[in-house]
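This briefing is for a reader who is new to the structure below. Please look over the sequence and the model before reading on.

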Amino acid sequence: MASAAALSGVGLSWNSSVAAQVSSCSRNPSGFRTKMAVSVEKKQKFTLQKSQEIFNEAKELMPGGVSSPVRAFKSVGGQPIVFDSVKGSHVWDVDGNEYIDYVGSWGPAIIGHADDQVNAALTETLKKGTSFGAPCVLENLLAEMVISAVPSIEMVRFVNSGTEACMGVLRLARAFASRPKIIKFEGCYHGHADPFLVKAGSGVATLGLPDSPGVPKAATVDTLTSPYNDLATVENLFKTHKGEIAAVMLEPVVGNAGFIEPKPGFLNGLRQITKENDALLVFDEVMTGFRLAYGGAQEYFGVTPDLTTLGKIIGGGLPVGAYGGRREIMEMVAPAGPMYQAGTLSGNPLAMTAGIHTLKRLKEPGSYEYLDKVTQELVRGILDVGKKAGHELSGGYISGMFGFFFTEGPVYNFSDAKKSDTAKFGRFHRGMLEEGVYLAPSQFEAGFTSLAHSSEDIEQTIAAAEKVFRQI
Ligand SMILES: Cc1ncc(COP(=O)(O)O)c(C=O)c1O
């Protein structure tokens, strides 16, 4: 049982004062956040004592002490940090340590955590209730925003997570094409539904897990896989399984095996092969949607899939997912059509509100230029100081998404990514934490910047990296 002392400490005596002291952010004339006016007393010594206590209790209460596997820090060693509060580009843990954050709640926090306008809008919506289980006008507003932004989407269905969006889109693709098989790519992650747990990325890759027990063979027999960036294998699969493949589904830029970009011509090649074979092309833009560009990877690369999944950013930090595509396909979804998919909390007014106000901010001119600028500074800086310290490193970025591997590269697929020195990454990760920088606790996860990251944040991060690179 969790002790009463620990429970009463969470968010109360331990660190609520920190959250209370965080004042609103200042904005420079171009409209972007420059510096957090945060009056938190920085702790002299880095300790994780309270985090440790809470995590030890959590391990008795929840499998591995967490609600989602990658949070457990297993691949980097050490223990997870228990958060107390977040604001802008910074997070605070229960021991009072402050970090510059490059995880951004795994992607949603693209305008910065706990944005004042989003919070104010949520407060207003909250007054009207938390869940309707009936249509609300906020769904129309967010749907219109998504449809006008994302080239492939003419109609959209809201769900509650990226996993749900991928499950729905898979059923829809199979229903529309009247074919059973799909092609996915090694190291890509499309949530934890059975058919996708084949050579999956994210936590499965991070923890080096085999395909999960509990997934019946029948659930994955129609999942074909190919290395990423490998058109020849995809072509061969279409030859071998002629007339059986409903769709090719992928992360248009991989984030769940670390950051891996498509080679020039790869996405176009997939578009062509799927057209030639009457199969659908599905972009899983749960991570890249509204992150690489306002219209996602499909706008950035100029390749329009048939169907798209979204999540993370369109919920502005609340649970959300969505799938959408051409009207003739989407009209197969119940109740317009026969393909069944439903959700008690889908289109939830709070999630819709946070999504609407997050997208509004992102739509302001200059957002993606700013993300590109800060991320370029960050990635160039880290690669520069790392290489100077004698490490084999490769990395890249697009807009507010980035990653680097402890291998010389180039990294075109998951096999290349696995050449990374993950033990060294673990030491780097721990060192950066002690210097006040919070990175994803895995070599096989992308990083994220936000509109709230300032040049000062980036400079501090590079200085921290320079120090840590010398020690590892
Ligand atoms: C590309 C991609 N698809 C699907 C998912 C699953 O989303 P969720 O964790 O919201 O279920 C993720 C999660 O990180 C993702 O990155």
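Predicted model: local features only at pLDDT ≥ 70, side-chain atom pairs only at ≥ 80, totals over all residues.

Residues are numbered from 1 along each chain as its sequence is written, and side-chain values use heavy atoms, with hydrogens and water left out.

**Open sheet**
- In the order S1-S2-S3-S13, 4 strands form an open sheet with mixed pairing; strands are DSSP runs (E, at least two residues) numbered from the N terminus, and two of them pair if DSSP finds at least two bridges between them.
- Strand S1 (83-87) and strand S13 (437-438) are the edge strands, each pairing on one side only.
- S1 and strand S2 (residues 90-93) run antiparallel and are joined by 4 bridges.

**Strand S10**
- S10 pairs in the antiparallel sense over 5 bridges with strand S4 (residues 155-159), where Arg157 stands opposite Tyr323.
- Strand S9 (residues 307-311) also pairs with S10 in the antiparallel sense over 5 bridges, and Thr308 stands opposite Gly324.

**Helix pair**
- Helix H9 (residues 231-240) and helix H10 (residues 266-276) pack at an angle of about 10 degrees, with axes 10 Å apart.
- That angle makes H9 roughly parallel to H10 (under 35 degrees).

Key. Axes fitted to C-alpha atoms, helices over the stretch in contact; angles between N-to-C directions. Parallel < 35°, antiparallel > 145°, perpendicular 65-115°, else oblique.
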